[in-house]
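Hi,

Here's the structure I promised to pass along. Have a look at it first, and then read on for what I found.

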Amino acid sequence: MPMKVTNLEELFIEELKDLYSAETQLTEALPKMAEAAVSPQLKKGFQDHLKQTKRQIARLEEIFSGRDYSPRGKKCIGMEGLIKEGEEVIKSDMDKSVLDAALIAAAQRVEHYEIAAYGTVRKFAEMLGDTKAMRLLDETLQEEGNTDKQLTMFAENFANQKAKQ
Ligand code: FE
Ligand code: FE
């Protein structure tokens, strides 16, 4: 049964658990995205973000390590839906010329979802005076932002143009 949330610290934990689930689900989805990507740059982008995602999971575990809670036991339904949308793209028999643009569209939804969630928990950590969690969450927030920017660059540099032709 889910924990009854009664204060900000407990809400912080619940949100972190949700993120832990989101990131864990992503580690299974990103290899499939990389496999489906047509251009080597996008492929590498997904592979690099997989490595980053594993480090992000380790950061969440580090935040939990000082607490009495486990990061497990919650399922992030939002990420489950976003991953399903990505899978729809992979399973569709979309033309190769548009596939990368479609994969980027799905991936940027994921990054924006993460940016929203990490922005929230980072603020909670600040409110709670947890400077260690703040620093760790900040690092991840930066990475998600950079990944989003890189995806925009890929879209602008080649994927959208290729899809248009
Ligand atoms: Fe992430
Ligand atoms: Fe991400």
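**Helix 2 against helix 4**

I started with the contacts between two helices: from helix 2, Leu42, Phe46, His49, Gln56 and Leu60 meet Asp100, Leu103, Ile104, Ala107, Glu111, Glu114 and Tyr118 of helix 4. Bear in mind that this is a predicted model. The two helix axes come within 13 Å and cross at roughly 20°. An angle under 35 degrees counts as roughly parallel, so helix 2 and helix 4 fall in that class. Helix 2 passes helix 4 in a left-handed crossing.

Helix 1 and helix 2 are also packed together, with axes 9 Å apart and an angle of about 155°. That puts them down as roughly antiparallel, because the angle is over 145 degrees. This crossing is left-handed too.

**The two iron ions**

Which residues coordinate the iron ion (ligand 2)? They are His49 through NE2, Glu111 through two OE contacts, and Glu114 and Glu144 through OE, at 2.0 to 2.6 Å. Along the chain, the donors of ligand 2 follow the spacing H-x61-E-x2-E-x29-E. Glu114 sits in helix 4 and Glu144 in helix 5, so this pair ties together parts that are 30 residues apart in sequence.

Distant parts of the chain are linked by Gln56 in helix 2 and Glu144 in helix 5, which are 88 residues apart.

Glu114 bridges the two iron ions, ligand 1 and ligand 2, which lie 3.2 Å apart.

As a general point, nonpolar side chains in soluble globular proteins tend to be buried together. In this model the largest nonpolar core has 29 residues, and those with the most contacts inside it are Leu42, Phe46, Met79, Leu103 and Ile104. Five helices each supply at least two residues of this core: helix 1 (8-36), helix 2 (40-65), helix 3 (77-91), helix 4 (96-127) and helix 5 (131-164). Helix 4 gives the largest share, 8 residues. A second, separate core has 18 residues, including Ile57, Leu60, Tyr118 and Leu141.

Leaving aside its neighbours within four places in sequence, Met79 is in contact with Ala22, Gln25, Leu26, Val110, Tyr113 and Glu114.

**One loop residue**

Finally, is Asp130 buried or exposed? Asp130 lies in the loop between helix 4 and helix 5. Its relative accessible area is 17%, so it counts as buried, given the limit of under 20%. Not counting residues up to four places away in sequence, Asp130 touches Phe12, Arg67 and Ala125.

Cheers

Technical notes
Residues numbered from 1 in each chain as written. Chains lettered and ligands numbered in written order. Predicted model: local features only at pLDDT ≥ 70, side-chain atom pairs only at ≥ 80, totals over all residues. Heavy atoms only, no water. Core = buried A, V, L, I, M, F, W, Y, C linked by side-chain atoms within 4.5 Å. Buried < 20%, exposed > 50% of the residue type's maximum accessible area, 1.4 Å probe, protein only. Helix = DSSP H or I, 4+ residues; strand = E, 2+ residues; numbered from the N terminus. Contact = heavy atoms within 4.5 Å. Donors = N, O, S within 2.8 Å, 3.2 Å for Na, K, Ca; no water. Axes fitted to C-alpha atoms, helices over the stretch in contact; angles between N-to-C directions. Parallel < 35°, antiparallel > 145°, perpendicular 65-115°, else oblique. Left-handed = near helix turned anticlockwise from the far one by under 90°.
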